[in-house]
Amino acid sequence: MSSPLVAVVMGSRSDWEAMEHSIETLRTLEIPHEVRVLSAHRTPEALDAFLADVESRGAQVFVAAAGGAAHLAGVVASRTLKPVLGVPMGTPLGGLDSLLSIVQMPAGVPVGTLAVGRAGAVNAALLAAEILALQDENIAARLRKHREEQAQAVLDVADPSA
C-alpha cells in the first residue's frame, strides 16, 4: 500500500462536490494522499480502522469534512495526535450549523477549522501542505511556486473591464 501524507475523510458522498477541490489541490502540489467516505455515526468501526491504518502508513495530517452535526473532525481528532483540519459542508442552514459544530471543539481536543465548502476544502489542502512543508523543502518549493502562480494569475487580469 502507498504512504499517504494527508488523509482526507468525508462524512458522505454528497461532500465530494466541495472536497474534490481539496484533492485537486493536493494533486497539484504532488502530495501523496488518500481519500475515503466514512461516517462518524454510521461507520465508526470502519473509521477507526482506516485512521489506524493510514496513520501506520505515514499520514501526518488529517482533513475531515462533514455537514450538519459535523462530528467527523472531532472524532478523528480524538483518535490521533496528528493535526486535524475540519471543513464544514454546506447545509440547508447555509453551513453555519456545520461551522459551529466543528469550531466549538472543547479545550483539549483541537481541530483547525476552515471556511464552509469549496474555499475551506482548498485551504485545508494548502494548510496541510504548509504543515508538511515545515519538514519537507520539496513541498515548500512547490508551495512557493503555487503562490507565485496565483499571484501571476491576478496580475494577468490587469483591467477586468477591458
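## Helix α5 and what covers it

The buried residues of α5 are G120, A121, V122, A124, A125, L126, A128, A129, L132 and A133, where buried means under 20% relative accessible area with a 1.4 Å probe and protein chains only. Helices here are DSSP runs of H or I with at least four residues, strands are runs of E with at least two, and both are numbered from the N terminus. The cover over those α5 residues includes β1 (6-10), α1 (16-28), β3 (61-66), β4 (84-88) and α6 (137-157), with contact taken as heavy atoms within 4.5 Å.

A quick note on the source: this is a predicted model, where local features need pLDDT of at least 70, side-chain atom pairs count only at pLDDT 80 or more, and totals for chains, interfaces and linings use all residues. Residues are numbered from 1 along each chain as its sequence is written, and side-chain values use heavy atoms, leaving out hydrogens and water.

## Length check

Helix α5 has 16 residues (118-133) and should span 22 Å at 1.5 Å a residue, the expected span being 1.5 Å times one less than the number of residues. Its end C-alpha atoms sit 23 Å apart, which agrees.

## Zooming in on A129

A129 lies in α5 and is buried, with a relative accessible area of 0%. Leaving aside residues up to four places away in sequence, A129 touches L29, I31, I139 and L143. A129 and T25 are 104 residues apart in sequence, yet 9.5 Å apart in space, C-alpha to C-alpha.

## α5 against α6

These two helices pack at an angle of about 140 degrees, with axes 8 Å apart. That makes α5 oblique to α6; angles under 35 degrees count as roughly parallel, over 145 as roughly antiparallel, 65 to 115 as roughly perpendicular, and the rest as oblique. Axes are lines fitted to C-alpha atoms, for helices over the stretch in contact, and angles run from 0 to 180 degrees between N-to-C directions.

On the α5 side, L126, A129, E130, L132 and A133 meet I139, A140, L143, H146 and R147 of α6. By class, the residues of this contact divide into seven nonpolar, one polar and two charged.

## α5 against α1

The axes of α1 and α5 come within 7 Å and cross at roughly 25 degrees, so the two are roughly parallel. The contact is made by A18, M19, H21, S22, T25 and L26 of α1 with R118, A121, V122, A125 and L126 of α5.

Technical notes. Buried < 20%, exposed > 50% of the residue type's maximum accessible area, 1.4 Å probe, protein only. Nonpolar A, V, L, I, M, F, W, Y, C, P; charged D, E, K, R; others polar.
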